[in-house]
Amino acid sequence: MASSRTPAVADHRAEDEHSTATTPRAERAPRRRLSVDERREQLITVALDLFSKYPPEDVSIDDIAAAAGASRPLVYHYFPGKQALYEESLRRAGQELAGRFEEHAQGPLSERLYRVMGRYLDFVDSHGPGFSALLRGGSVAASPGTTAVIDEVRRAAHDQILLHLAVAEPSAGLRRTVRAWIANAEITSLDWLADRSVPREELQLQLVQEFVAALTLTAAREPALALELAGFFAAERPEGPTGRLVRELADLLTVPNLAPQLTRLAAS
């Protein structure tokens with residue numbers, strides 16, 4: 001896509017020089033008159049759509065203007081540059097992602113978390129390239145502003161999980177376990193986005209079971225936490241993610257030559 005070079009935007013040329021001109025884009029949308037607020041919202045929506053389909057470094061102001069049916073100077077009238085528009089788009093997406101961790105506190109925790117992770121993977125799938133580049137630290141559009149947005153999503157996920165655990169005073173160890181699992185979910189889901197070698201539903205279940213396993217290990221090290229989590233295990237169902245995990249672990253005792261070793265270690 002050829003870039004316009006008008007004097008009005010000469011100071012903004014440098015930030016778009018790295019954009020890939022040959023990257024396929026949507027055809028230019030027809031122009032129509034919008035109010036100030038409507039135009040700003042439209043630009044954010046269009047930008048987010050492009051950043052979801054392509055790495056942010058491959059999207060230019062010209063691409064956004066064309067998709068919005070606007071001129072390049074008009075985009076700069078609302079935003080000082082592509083970075084500001086990217087950060088605002090990311091902020092909106094971050095709010096949506098944080099909202100996907102909200103879940104009614106009803107039913108077994110692992111089943112609630114399974115539904116949450118389904119919505120999370122839906123989001124990762126639909127916003128792949130842009131978020132993959134950012135979370136992997138390889139995006140030239142990464143900045144303190146974009147990092148703050150991602151950190152806010154992580155805090156929201158952390159707080160929602162602790163809320164569902166209903167532990168009166170979460171220990172430092174439990175908080176570390178939750179934060180470590182959130183980081184693992186990011187890494188695992190982005191790796192899946194790159195090759196999709198694991199079926200979506202299988203990954204969804206795996207992430208939940210990894211949380212249950214980490215939670216159990218933390219409780220084994222913290223007797224007070226183990227007592228508080230008694231209700232969590234009591235509410236779990238055999239057909240749910242936790243029940244399936246317990247059966248999978250029990251099946252290890254039927255593996256030839258492995259059962260005696262596990263028994264030996266347990267008796268030590």
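Mentor: We start with terms: on a 1 Å grid over the protein atoms alone, a cavity is a set of points where a 1.4 Å probe fits but cannot get out, while a pocket is an open set with protein on both sides within 12 Å along at least five of seven lines; lining residues have an atom within 4 Å of a point. Grid points are joined across faces, edges and corners, and a volume is the space filled by probe spheres set on the points. This is a predicted model, in which local features need pLDDT of at least 70 and side-chain atom pairs count only at pLDDT 80 or more, whereas totals for chains, interfaces and linings use all residues. Residues are numbered from 1 along each chain as its sequence is written, and side-chain values use heavy atoms, with hydrogens and water left out.

Trainee: What is the general idea behind the probe?
Mentor: Rolling a probe the size of a water molecule over the atoms shows where empty space is left.

Trainee: How many cavities of 30 Å³ or more does the structure hold?
Mentor: The structure has three of them. The largest cavity contains about 190 Å³ of space. Its lining has 20 residues, and the closest to the centre are Leu97, Tyr120, Leu135, Val153 and Glu186.

Trainee: Which helices supply at least two residues each to the lining of the largest cavity?
Mentor: First, the term: helices (H or I, at least four residues) and strands (E, at least two) are DSSP runs, numbered from the N terminus. Here the suppliers are helix 6, helix 7 (128-135), helix 8 (144-165) and helix 9. Helix 9 gives the most, with six residues.

Trainee: How does that lining divide by class?
Mentor: Ala, Val, Leu, Ile, Met, Phe, Trp, Tyr, Cys and Pro count as nonpolar, Asp, Glu, Lys and Arg as charged, and the others, Gly among them, as polar. The lining of the largest cavity then has 16 nonpolar, two polar and two charged residues.

Trainee: What is the volume of the second largest cavity, and which residues line it?
Mentor: Its volume is about 80 Å³. Phe101, Glu103, Leu109, Arg112, Leu113, Val116, Ala157, Gln160, Ile161 and His164 form the lining. Helix 6 and helix 8 each contribute at least two residues to it, and the classes are six nonpolar, two polar and two charged.

Trainee: And how much space lies in the largest pocket?
Mentor: About 180 Å³. Two elements give two or more residues to its lining: helix 9 (172-195) and helix 10 (200-221). Helix 9 has the largest share, six residues. Among the lining residues are Arg176, Trp181, Glu210 and Arg221. By class, there are four nonpolar, four polar and four charged residues.

Trainee: Now for packing, what describes a pair of helices?
Mentor: Two packed helices are described by the angle between their axes and the distance between the axes. Axes are lines fitted to C-alpha atoms, for helices over the stretch in contact, and angles run from 0 to 180 degrees between N-to-C directions.

Trainee: At what angle do helix 2 and helix 3 pack?
Mentor: Helix 2 (residues 36-53) and helix 3 (residues 61-68) pack at about 120°, and their axes are 9 Å apart. Angles under 35 degrees count as roughly parallel, over 145 as roughly antiparallel, 65 to 115 as roughly perpendicular and the rest as oblique. Helix 2 and helix 3 are therefore oblique to each other.

Trainee: Which residues of helix 2 and helix 3 meet?
Mentor: Contact means heavy atoms within 4.5 Å. Arg39, Gln42, Leu43, Val46, Ala47, Leu50 and Phe51 in helix 2 touch Asp63, Ile64, Ala67 and Ala68 in helix 3. That contact has eight nonpolar, one polar and two charged residues.

Trainee: How do helix 2 and helix 5 cross?
Mentor: The axes of helix 2 and helix 5 (residues 82-99) come within 9 Å and cross at roughly 85°, so the two helices are roughly perpendicular to each other.
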